[in-house]
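Trainee: I've got a structure open and I'd like to learn how to read helix packing and salt bridges from it. Can you walk me through?

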Amino acid sequence: MRGKTAALTLTLALALALPLTACSFGGLTEKDAMCYIQGTMDENYLGKADPEFLELIDISEEDVDQIYADSLTTEAQFFLDSFVESELPQEEEERLLEELSKMYRQIYAQSRYTVESASKMDERTFSVKVTVEPIDIFHLVADDLSNGAADDLNSRYPDQMTDEEYLAYEVEWVELFMDLTEENLPRLGHLEPSTILVQVALGDDDYWGIPDDDFWALDALVIDYNLYG
């Protein structure tokens with residue numbers, strides 16, 4: 001359930017750009033690179049940032065709050081786009097996005113990751129070692145579905161549905177998924193840690209940032225969606 005690159009790139013434009021002016025008097029250091037990765041993850045998954053990170057990229061706590069809210073909304077929108085093919089009425093879409101955002105807020109609050117070290121590769125690149133313990137919540141939901149949690153829902157709809165019936169079915173399915181997630185939150189756990197190297201690189205625009213591929217690889221570890229791999 002990945003693939004949100006285009007939308008999230010826009011959402012995180014502020015988070016993924018580090019002005020050179022924040023790194024004057026000697027340039028970026030290994031400590032700065034670690035602070036940058038830690039802060040970027042904290043603001044996107046936990047909705048917080050320490051003063052050192054705020055000073056490093058020259059943003060406010062209000063900016064962090066907005067980035068966090070946008071990140072949750074983007075994740076919710078991707079979920080909805082992945083599981084609802086029908087065109088939802090605007091009011092219904094807004095309702096589901098709000099509920100899904102609340103769901104992801106609860107899930108991401110359980111994020112576990114450690115920024116371990118950083119190495120300077122050259123004048124334009126740092127490599128930062130990050131270890132993540134992926135959240136297993138959707139494995140629990142998949143187990144419930146495999147054990148018949150959706151049987152009643154499926155039995156109430158015919159094999160051949162009208163557009164209206166199919167829309168209602170999709171909405172009920174999303175609501176069921178959210179209910180199962182809520183029920184499994186007390187049992188939420190984490191998978192075996194995975195370690196990844198993430199670059200902090202100086203772009204052609206003279207801004208430091210995380211290359212897209214590195215960010216998505218890191219993002220994909222926080223919640224594990226590989227339910228059948």
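This is a predicted model: local features need pLDDT of at least 70, side-chain atom pairs count only at pLDDT 80 or more; totals for chains, interfaces and linings use all residues.

Trainee: How should I describe two packed helices?

Mentor: In general, you give the angle between their axes and the distance between the axes. Here, take helix H2 (residues 30-46) and helix H9 (residues 212-222): their axes come within 12 Å and cross at roughly 45 degrees. Angles under 35 degrees would count as roughly parallel and 65 to 115 as roughly perpendicular, so H2 ends up oblique to H9.

Trainee: Is the crossing of H2 and H9 left-handed or right-handed?

Mentor: Right-handed. On the H2 side, the contact is made by Thr-40, Met-41 and Tyr-45, while H9 brings in Phe-215, Leu-218, Asp-219 and Val-222.

Trainee: On to charges, then. How many salt bridges does the count come to?

Mentor: Eleven, taking a side-chain nitrogen of Lys or Arg within 4 Å of a carboxyl oxygen of Asp or Glu. One of them joins Lys-31 and Glu-52, at 3.8 Å from N to O. Look at where the partners sit: Lys-31 is in helix H2 and Glu-52 in helix H3 (residues 51-57), 21 residues apart, so this pair links distant parts of the chain.

Trainee: What does Arg-95 pair with?

Mentor: Glu-175, with the closest N and O atoms 2.7 Å apart. Arg-95 belongs to helix H5 (residues 90-108) and Glu-175 to helix H8 (residues 163-184), 80 residues apart. Both ends are partly exposed: Arg-95 at 27% relative accessible area and Glu-175 at 26%.

Trainee: Where do Arg-124 and Asp-204 lie?

Mentor: In loops. Arg-124 is between strand E2 (112-122) and strand E3 (125-133), and Asp-204 is between strand E4 (194-202) and strand E5 (207-209), so their pairing ties together parts that are 80 residues apart in sequence. The closest N and O atoms of that salt bridge are 3.9 Å apart. Arg-124 is partly exposed at 37% relative accessible area, whereas Asp-204 is exposed at 79%.

Conventions. Residues are numbered from 1 along each chain as its sequence is written. Side-chain values use heavy atoms; hydrogens and water are left out. Axes are lines fitted to C-alpha atoms, for helices over the stretch in contact, and angles run from 0 to 180 degrees between N-to-C directions. Helices (H or I, at least four residues) and strands (E, at least two) are DSSP runs, numbered from the N terminus. Angles under 35 degrees count as roughly parallel, over 145 as roughly antiparallel, 65 to 115 as roughly perpendicular and the rest as oblique. A crossing is left-handed if the near helix is turned anticlockwise from the far one by less than a right angle, and right-handed if clockwise. Contact means heavy atoms within 4.5 Å. Buried means under 20% relative accessible area, exposed over 50%, partly exposed in between (1.4 Å probe, protein chains only).
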